[in-house]
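Good morning, everyone. Let me walk you through one model today. Please have the picture open while I talk.

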Amino acid sequence: MNLTIICEDSATKEILLRVINFCSLSYEKLSQTELRGGKIKNNFQKYNLLAKNELIILLLDLDTADCPSTLLKTLLQRNVKNENFLVNIAVDEAESWLIADRENFSQYFEVPIEKIPFAEKNIFQKGIEMLFPYKSSLYIIREIIPHSKNKEFVRQLFPKNGAKKGPEYNKALTPFIQNIWDINNAMKNSESLHGMIHRIEKWESKNTIL
Amino acid sequence: MIIKRLILHNWKNFQEVDVDLSKRTFVVGANASGKSNFLDAIRFLRDICKQNGGGLQYAVNTVRGGIGKIRCLSAKKDSNIRIEVYLGNEDDKHPKWIYLLEFSQEKNKSKGIFFAKIISEKVFSQKENRWLLERPEKTEGEDEETLKFTFLEHALQNKSFRDIYNAFQQIEYLNVVPQLVRESVTYQLSKEKEDFYGRNFLERIAKKSEKDKKGFFNQINEVLKLAVPQFKDLEFEKDNNGIPHLRAKYLHWRFNGAYQTEEQFSDGTIRLIGFLWAVLDSNNTILLEEPEINLHIAIIKQLPEFISNILNRTGKNNMQVIITTHSYDLLDHLGINLEEVLLLENSAEKNATNVICVKNIEEVKQKLEAGFTIAEAIITPSSLKEIEKLNQIKLF
């Protein structure tokens, strides 16, 4: 079966690819679509229809919505979700899954581990998550990365005047995602990441691909 | 050293411009808003300093067809043209150098020909904290003939501010037109001329040492491997007539691939190679006209980060990239900051164009605060207000 992955940017694409590899998911042909969150939401029903013929794994940030299940219900608009359509909603952004691997994140980006908060339980979520005072990607690059001893990471990741991310955000994160990020360790601190792995593995066990 | 600030007076469609430029600058505006004219002010400085035949008269008359083609149509009483440039390193609070040139049109009465006459030429050095040059007030022996030439263009007279000369001389403009690159005939026509649209791009490669060429081609091949996967082993060669060519293996043509030259390369591939060559080779100000043309959206999205990465490499201290663009996808990169984007807006009141850094546009700042991206905040103000009516025009 063909696989289409849908995500919001290059960094989340790399996260999806790592997770797919972690789950040893096999497929015939891989297509990748990167769209802003709003556009993914607009196309949600179309992806659901497309999933009749192929496996679609979608990764969306929860952002300001209260909880993943409410957001999913809203997006489905009373339609039934196709079983080949695996919707994953990161709490609150996929970047929080990266920092959920606290020890490796701290070591790789050379930031003191005490600057990285512990995962905790939020009233809206089932399990624990990395929770930040505001949008996790922004909190990481504005409040945590500036403590890095590596000035190059600070330059690449810290957003300047009005920018939402650093000038080389993807370049800085990609090697970490591809080579360092320990998914087993990150899962301990993120129920939403755990849920995604579980969803893919469950689908895999039900379906014979190829 | 980069161009940190540019002030223009009566330059083409700009009556007054005063903008700061970043190491990476995006110039955005509707069609015919003057993006190329804006870049042309910087090219003008390069033309003055061009080796073998450059100079003020060359830049004004030979390249641009005279003052009448340069001067802003809405120029009124003060019809002089002025360009003022601040140069310095990226993080300098104060410019290392200021260069100012003001000129107007004069007619040689006996010969009946027009020429550009210098009204003022000034050079400020931060190191010495004074104006090193103030023409014509503080120079001796000036007459109608001397005021046809800048001190900047003369090696003897620009000795104390040679840094400015070097910086201007190395400014590069790139707008590779694939159709011209493909035509060998144009090479012979443009060989001796400054032709940034075609064959000289290959000639520039030809002039590099074998070692440099090899290094650059290795890097270009690395990028092409990702951007044009069926394309392999890009090389450079000269044919029997000494005409330079690019050659690469296309894997999808035959089982083992088949060699093709630039004549068969796609438009996008040629433009991408031209772009890569320019940014990898240069350590100067590069002016790039709409690099998104012919490129796939996935490549365009990567360009801002790719350029940022190159600008921050060792040995690229003097490199600056000024890019004109219409591309939503290029500007949609979340790492672009407000100081890096200049917006060109036609002003109905002044009958001229304003150039505004978007950090000073309240509407854009409000949109960003509301969560929109720079592309979303910029493309609407830069678009044409009534373009939808295009489909209502009765053509037949």
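**Charged pairs and a covered helix**

Start with a pair in chain B. B:R82 and B:E102 form a salt bridge through their side chains, at 3.6 Å from N to O. Where do these two residues sit? B:R82 is in strand β4, residues 81-88 of chain B, and B:E102 is in strand β5, residues 97-108 of chain B, so the pair ties together parts 20 residues apart in sequence. One word of caution: this model is predicted.

Are these two partners buried or partly exposed? B:R82 has 21% relative accessibility, so B:R82 counts as partly exposed. B:E102 has a relative accessible area of 12%, so B:E102 is buried. The cut-off matters here: buried means under 20%.

Why do such pairs form at all? Side chains of opposite charge can pair when their charged atoms come close.

Next pair, still in chain B. The side chains of B:R135 and B:E121 meet in a salt bridge, 2.7 Å from N to O. This pair also links distant parts of the chain. B:R135 belongs to strand β7, residues 130-135 of chain B, while B:E121 belongs to strand β6, residues 113-125 of chain B, and they are 14 residues apart.

Some salt bridges in chain B share partners. They join B:K12, B:D40, B:R46, B:D47 and B:R64 into one network.

Now across the chains. B:D332 forms a salt bridge with A:R36, and the closest N and O atoms are 3.2 Å apart. B:D332 lies in the loop between α11 (328-331) and β14 (341-347) of chain B, and A:R36 lies in the loop between β2 (30-34) and α2 (37-42) of chain A, so this pair joins two chains. B:D332 counts as buried, at 8% relative accessibility. A:R36 is partly exposed, with a relative accessible area of 24%.

How many salt bridges are there over all chains? The structure holds 26.

**Chain A as a whole**

Let's step back to chain A. Chain A has eleven helices and six strands. Its C-alpha atoms fill a box of roughly 50 × 35 × 30 Å, along the principal axes. Does that box hold a compact globule, or something else? For 210 residues, a compact globule would have a radius of gyration near 17 Å, and chain A has 17 Å, which agrees.

What share of chain A is buried? Buried residues make up 55% of its 210 residues. Chain A exposes about 9,900 Å², and carbon and sulfur atoms supply 51% of that area.

Now the contacts. Take those in chain A between residues at least 6 apart in sequence: 70% of them join residues at least 24 apart.

And the charges. Chain A has 28 positive and 26 negative charges, and their mean positions are 5 Å apart.

Last stop: helix α7 of chain A, residues 136-144. Is this helix mostly covered or mostly open? It is mostly covered, with seven of its nine residues buried. Those buried residues are A:S136, A:S137, A:L138, A:Y139, A:I140, A:I141 and A:I144. What do they pack against? Their partners in chain A are α5 (94-99), α6 (102-108), α8 (151-157) and α9 (169-180).

That's my tour. Thank you.

How values were computed
Residues are numbered from 1 along each chain as its sequence is written. Chains are lettered from A and ligands numbered from 1 in the order in which they are written. This is a predicted model: local features need pLDDT of at least 70, side-chain atom pairs count only at pLDDT 80 or more; totals for chains, interfaces and linings use all residues. Side-chain values use heavy atoms; hydrogens and water are left out. Helices (H or I, at least four residues) and strands (E, at least two) are DSSP runs, numbered from the N terminus. The radius of gyration is taken over C-alpha atoms; the globule rule is 2.2 Å times the number of residues to the power 0.38. Buried means under 20% relative accessible area, exposed over 50%, partly exposed in between (1.4 Å probe, protein chains only). Contact means heavy atoms within 4.5 Å. Accessible areas come from the Shrake-Rupley method with a 1.4 Å probe; for residues, only the protein chains shown count as cover. Lys and Arg count as positive and Asp and Glu as negative; His and the chain ends are not counted. The place of a charge is taken as NZ of Lys, CZ of Arg, CG of Asp or CD of Glu. A salt bridge is a side-chain nitrogen of Lys or Arg within 4 Å of a carboxyl oxygen of Asp or Glu.
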